[in-house]
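Take a moment to look it over, and then we'll go through it piece by piece.

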Amino acid sequence: MNKSDGKVIDILLIEDNPGDIRLAQEALTESKINNKLYIVEDGVEAMEFLRNKGKYTDSPRPDLILLDLNLPRKSGREVLKEIKEDKDLKRIPVVVLTVSNAEEDILKCYDNYANCYITKPLDFNQFIKVTQEIEEFWLTIVKLPPK
Amino acid sequence: MKNFIVDNPVSKKPVILKSSSPSPSSGKNLDEDEYQLEETQRATFNILEDFYEEKLRLEDTQRAILNILDDLNQSNEDLKKAHDILETRVTERTADLARSNAELEQFAYIASHDLQEPLRMVSSYVQLLAKRYKGKLDGDADDFIGFAYEGALRMQMLINDLLSYSRVGRHDTRFEEVNLAKALEKAIENLHLTIKEKKAVITFDPLPVVFGDMSQLTQVFQNLIENAIKFKRVDPPTINISARLEGNECICSVKDNGIGIDPEYQGKLFLLFQRLHTRKEYPGTGLGLAICKRIIEQHRGKIWVKSKPGEGSIFYFKIPTKLKESLQ
């Protein structure tokens, strides 16, 4: 059953670890939600994607952003801050998905208006479950701002 | 002592003035008087000479004492200098040790934290392999995937334990008044699945308030109780926790009716990675008791065990009930 009324949900995954990218893809292919996953591998590209700059002039505005914190060039922390300080982007929900368990990271992300902070589960099945739950929650339960 | 100044005048030998020769006596009485006088004079002279000798001796003694005092003064100063040097060295050495300790802890923390990342990849993809291809390749392939997965899981356990080991003693330790009963309650709560599964019976006597870190003491109880259940001998495993006060210290005991520990190995029990059983018999990383020891030592306390194989073990730990200066 398609819970998103036939609309394709666009998800932007900002992640540089190919292993994690693939895991997210695996999790999302099993998903019941009709989604399209876009992937950028560093912070600079992420901002270009969101602002339709560089090679991303045609990129859609994502419904949900999954953001890793440790990224090359521009870190996930900077990306989060830029998104939330940009009046055109700040309404897009940002889910921070990282290995860091550090209190400092958690606080800083919420200070910068992250919509939620999730530590990547170590166990594969948990990871799949969490990814699907993120999707389920943000894309079917939460009322998102209109595009 | 330094300004002990003694006046040391040059003494002159007393000189007695005598008439060159007795004048011709004018009468017997006069002669006798003169003779008496001379006698007295001689006696006085002798006494004076004795005094003089005595004075010289005293002066010698005085000089000797002064020398000794000087020497003592010098030794005292040398001692003070040596003491100062030693103190500086001890301070430096302590700072060095503290620094290298902190670096080591930082290293262990970062190493175990960063190791988790690639390991997560290994275990995730082995799990994905298992999920997708189990039974579709051949028996060997399933076995190999199984071993790889077991290995990854074990490593994850090790890294987690190493992380908690290295976390003990990091600056986020908070020492305050802790109700030991609360710490135990929390530990039992954390273990409730294991306790339920193994039908363990846990009893405890009133426990005092101690001075320590709540989460660390919870961890000590948790590790000790977990061990007591893991190494059970009969059903149900029975564990009793009690405590007594001794001055400003609390001695807490965790007693079980488990398999007990061979006396030969009791000394090694608290060492890092020390295991007494094969993984097949009893799984574990060999870090549980090492973590307990490190935590108790953080509290400036002591942990030890009394055990008889085939009867059970009692683990004791002693921690302060009041703030010790050295803890803050």
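How many residues does the contact take from chain A and from chain B? Chain A puts in 8 residues and chain B puts in 10 residues. Keep in mind that this is a predicted model. On the side of chain A that touches chain B, the elements giving two or more residues are H1 and H5 of chain A. Sorted by class, that side has 5 nonpolar, 2 polar and 1 charged residues.

Those two helices of chain A also meet each other. Helix H1 of chain A covers residues 18-29 and helix H5 of chain A covers residues 124-141; their axes come within 9 Å and cross at roughly 60°. That angle is why H1(A) and H5(A) count as oblique to each other, and the crossing is right-handed. From H1(A), the residues involved are Leu23(A), Ala24(A), Glu26(A), Ala27(A) and Leu28(A), which meet Phe127(A), Ile128(A), Thr131(A), Gln132(A) and Glu135(A) of H5(A). This helix contact has 6 nonpolar, 2 polar and 2 charged residues.

Now over to chain B. Its secondary structure comes to 7 helices and 7 strands, and along the sequence the pattern reads α-α-β-α-α-β-β-α-β-β-α-α-β-β. Chain B has 328 residues, of which 23% count as buried. If you take the contacts in chain B between residues at least 6 apart in sequence, 73% of them join residues at least 24 apart.

Chain B also has an open sheet of 5 strands, in the order S2-S4-S5-S7-S6, with mixed pairing. S2 and S6 of chain B are the edge strands, each pairing on one side only. On average, neighbouring strands in this sheet are turned by 15° against each other, direction ignored. S6(B) pairs with S7(B) in the antiparallel sense over 7 bridges, and one bridge joins Lys308(B) to Gly312(B) in S7(B).

| Helix | Residues | Strands touched or crossed | Angle |
|---|---|---|---|
| H5(B) | 214-230 | S2, S4, S5 and S7 of chain B | about 25° with S5(B) |

Key. Residues numbered from 1 in each chain as written. Chains lettered and ligands numbered in written order. Predicted model: local features only at pLDDT ≥ 70, side-chain atom pairs only at ≥ 80, totals over all residues. Pairing = 2+ DSSP bridges. Helix = DSSP H or I, 4+ residues; strand = E, 2+ residues; numbered from the N terminus. Axes fitted to C-alpha atoms, helices over the stretch in contact; angles between N-to-C directions. Contact = placed C-beta atoms within 7 Å. Parallel < 35°, antiparallel > 145°, perpendicular 65-115°, else oblique. Left-handed = near helix turned anticlockwise from the far one by under 90°. Nonpolar A, V, L, I, M, F, W, Y, C, P; charged D, E, K, R; others polar. Buried ≥ 20, exposed ≤ 12 C-beta atoms within 10 Å, placed from the backbone.
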